[in-house]
Every structure is written in structure tokens, then in C-alpha cells.
Amino acid sequence: MPSLLHRTILRTHSLILRTSPSMATSSSSSLLLPSVSLNNLSCSRNASSLCFAVKNLGRSRVSMSVSAGSQTTVHDSLFADYKPTTAFLFPGQGAQAVGMGKEAQSVAAAGELYKKANDILGYDLLDICVNGPKEKLDSTVISQPAIYVTSLAAVELLRVREGGEQIIDSVDVTCGLSLGEYTALAFAGAFSFEDGLKLVKLRGEAMQAAADAAKSAMVSIIGLDSEKVQQLCDAANQEVDEADKVQIANYLCPGNYAVSGGLKGIEVVEAKAKSFKARMTVRLAVAGAFHTSFMEPAVSRLEAALAATEIRSPRIPVISNVDAQPHADPDTIKKILARQVTSPVQWETTVKTLLSKGLESSYELGPGKVIAGIFKRVDKSASVENISA
């Protein structure tokens, strides 16, 4: 029977993902969009019961910066000077647990999301969430849609709570861990609930297929700083072929980093970890080496799906996993989402940046309490409330 720490690490690090260095240079890009009203930047209630994007547009930081005839330029640097006060945080893969979604049945708007999901997915998602079996819920192709829908259902549970609407209206920044970035973008009105779910469905399928194509794995390294973990990876890479190289795939929080790579490389990392003074290593129960080049086969499928999806400038900053920065240009967002699966997750930087910028309160929406735990590891005084569905 695994210890509580072991189980927590396993759940934490299934949450993970990586981009090419070139993505870091895309922040200055812009895109010409047809001239539209602010309301057209949001998801309508007809498109989804989640009326996320139309809230408080008067105070929204999204604006059309330059008009040119019938087109308007949206600059990617629009959110560069954001000042966060209240954040919504969305979990990633690994947060799933049998029984999630049960509370959502008590709120009509939340229950409606699962009905919409059934039509898109072709199976009863709520039944799997509530009743399992665990092995089915844990699979990449199901857990990703399940977490996406359940996290947005948690927003609807908060909405009907006393003072909940006011909390939702006060949110001025959002982000999500790996998969959770899609949830954050849906909340921020970058795309509709339905379009987001279609992307997440394809993402899970593409990542599973990429994992099936090569022998790869992930391991959590506990008790070392990121520099020491990098040295451990460098040492392991000296002993394996190119196909089995390893790298840091998830910068989660101080003392907790995930390494992804070829199976032989991961085995060398595990064998050498104690000599580098690691407290422990935990092999993660994931399909393969997420957030590394092993996921490259998934990129082209994501690029095609994103190209066919209407993505709008978010109404509030959404922090990217790739570079820990918010982006306003829809074209840049599409590029980053496509490369996210092959790029290391910069979650530690995201948390530290939000706190250093003066973030006052945060809400983790969805199954589990992994993100709250990470915030506490970075700053024990951080305020994070969990809203589960």
C-alpha cells in the first residue's frame, strides 16, 4: 500500500507537460481580426451555460488597440503589466478521482455541462466520473475531458453559493496546470466550452497515441532543487543513447520536479538519484514522457485542430505553462497550445510571479487539492480555497 506522500506525488505529477525555445520569442506577435464588439469576444449563454466571458467586460483589460479599416490589431503584449488580485486556478491530469462530479448534479448549470459533454464525447462522462472504474477514469483519453468538464462545473457550483457571483466577477487572472490551461482559457472566454472540450478530447487521444509509439516514462524527484535535478539528468544522459535522453518536464514547486524521457534513461535517473542526495523518487503512473519531444507526434494533430477552432483574445490574463506569461493574440495562443505538450511546464515560475505581483486570494476549481498544496510550498501564507464539484 503506497504511503500518503507517494499517492500525493503520483496524483500531483500526472498533471504535467513542454515547448520549443522558439515559442518564447512569440510574445511580440499580433493578429489582424475583424472589427467586433466586446460582447462578441465572449462565449454566449446559447453556446454554453458558462457565461464566463461576458462578466465585467467594462473593467476587462482586453481592448482592441489599433483599428485599420474593418480590422483591428490585438497586440500580444496587452497583458504585459497585469496586476493580479484574485486568481482562478485549474488542475491538470492526475487530479481525477472516482466520485468527482457528484456534487455537480445538484446545480442545473453544472449538470448541463455533462450533458453537453456526452454529445461531444459519445459516452456518459458523468457516470465514469462518479462511478469509475478507476482504471478507465485514469486513462489519458478520459481523464483529460473529465477534469476539464468537472473543473468548469465547479465554477457553476461556486456561482450559486452566497457571494459566489461576486467572487467570479472579481477574478482578474487565471491559469491551469498543463491540461488546466485549456480550462482557464475557456473560463476567460478564449473559446466556448464546447470547442474547448473538443480540443481536450483530441489532445488526450494524441498524447496517448504518442506515448504508445515509444517506450518512455516519467519519474518524480523529491528533495532536490532544480539545478541538482538538471545535473542528475545530465549524468544520466551520458550513459544512454539519444533515443533514451531525459529532461526536466515539470517545474512544479521547490523540491518537487518531474523528469521525462526514454525508459532506459529514467531507470538510470532512478539508480543515480540517491547519490545526488534525492530524498526519494516515484515512478509516475502516466502514459509516457509528457512535455518532451516524445510528444512531438501529437503536435501536428493539435495544430490542425487549433487552426480550425475560433480562438478570441481572453478577457483577462491567462498564464501560459510554456513561458509563465499571459498572451492576448489568438494566433500566439494557438501556437503555444500546440507546443505545450512538448515543453516543460513552468508552474513554479507562474506561482512565484503571481505572488510577487501581489496576488491576494486564489481559488482552485476542480477535483483534488494539488494546486493549493503547491502554493503553500511556495508561500505558506498564500490564500487558496478549493472548490470541488
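Visitor: In which loop is the place of Pro133?
Guide: The model is predicted: local features need pLDDT of at least 70, side-chain atom pairs count only at pLDDT 80 or more, and totals for chains, interfaces and linings use all residues. Residues are numbered from 1 along each chain as its sequence is written, and side-chain values use heavy atoms, with hydrogens and water left out. Helices (H or I, at least four residues) and strands (E, at least two) are DSSP runs, numbered from the N terminus. Pro133 sits in the loop between helix H3 (125–131) and helix H4 (134–138).

Visitor: What is omega for the bond that joins Gly132 and Pro133?
Guide: Most peptide bonds are trans. Gly132 and Pro133 are joined by a cis peptide bond, with omega about 10 degrees.

Visitor: What is phi of Ser178?
Guide: Most residues other than glycine have a negative phi. Ser178 is in the loop between strand E5 (173–176) and H7. Its relative accessible area is 2%, so Ser178 is buried (under 20% relative accessible area; exposed is over 50%, partly exposed in between, with a 1.4 Å probe and protein chains only). Ser178 is not a glycine, yet its phi is positive, about 60 degrees.

Visitor: Where is Ala324 found?
Guide: Ala324, a residue other than glycine, has a positive phi near 60 degrees. Ala324 is buried, at 2% relative accessible area. Its place is the loop between strand E10 (318–319) and H12.

Visitor: How are H5 and H7 set relative to each other?
Guide: Two packed helices are described by the angle between their axes and the distance between the axes. Axes are lines fitted to C-alpha atoms, for helices over the stretch in contact, and angles run from 0 to 180 degrees between N-to-C directions. Helix H5 (residues 140–160) packs on helix H7 (residues 180–187) at about 40 degrees, with axes 9 Å apart. Angles under 35 degrees count as roughly parallel, over 145 as roughly antiparallel, 65 to 115 as roughly perpendicular and the rest as oblique, so H5 and H7 are oblique.

Visitor: In which crossing does H5 pass H7, left-handed or right-handed?
Guide: A crossing is left-handed if the near helix is turned anticlockwise from the far one by less than a right angle, and right-handed if clockwise. H5 passes H7 in a crossing that is right-handed.

Visitor: Which residues of H7 meet H5?
Guide: Contact means heavy atoms within 4.5 Å. The residues of the contact of H5 with H7 are six nonpolar, two polar and no charged (Ala, Val, Leu, Ile, Met, Phe, Trp, Tyr, Cys and Pro are nonpolar, Asp, Glu, Lys and Arg charged, the others polar, Gly among them). H5 brings Tyr148, Ser151, Leu152 and Val155, and these meet H7 at Tyr182, Thr183, Ala186 and Phe187.

Visitor: What is Thr183 in contact with, leaving aside neighbours within four places in sequence?
Guide: Thr183 lies in helix H7. Thr183 is buried, with 0% relative accessible area. Beyond those neighbours, its contacts are Phe90, Tyr148, Ser151 and Leu152.

Visitor: Which residues of H12 make the contact with H7?
Guide: H7 and helix H12 (residues 330–340) pack at about 160 degrees, with axes 11 Å apart. That makes the two roughly antiparallel. H7 passes H12 in a left-handed crossing. Glu181, Tyr182 and Leu185 of H7 make the contact with Ile333, Ile336, Leu337 and Gln340.

Visitor: How many residues of each class are in the contact of H8 with H11?
Guide: Helix H8 (residues 193–212) and helix H11 (residues 296–307) pack at about 165 degrees, with axes 8 Å apart. H8 and H11 are therefore roughly antiparallel. The contact includes Leu199 and Arg203 of H8 and Arg301 and Leu302 of H11. By class, the residues are eleven nonpolar, no polar and three charged.

Visitor: What is the C-alpha to C-alpha distance from Asn237 to Gly265?
Guide: Asn237 is in helix H9 (residues 226–237) and is buried, at 14% relative accessible area. Not counting residues up to four places away in sequence, Asn237 touches Lys245 and Val246. Asn237 and Gly265 are 28 residues apart in sequence, and their C-alpha atoms are apart by 6.7 Å.

Visitor: How many disulfides does a search of the whole structure find?
Guide: A disulfide is a pair of cysteine sulfur atoms within 2.5 Å. Cys129 is buried at 0% relative accessible area, and Cys233 is buried at 0%. The number of disulfides found in the whole structure is zero.

Visitor: What share of the chain counts as buried?
Guide: The chain has 14 helices and twelve strands. Among contacts between residues at least 6 apart in sequence, 78% join residues at least 24 apart. Of the 389 residues, the buried share is 58%.
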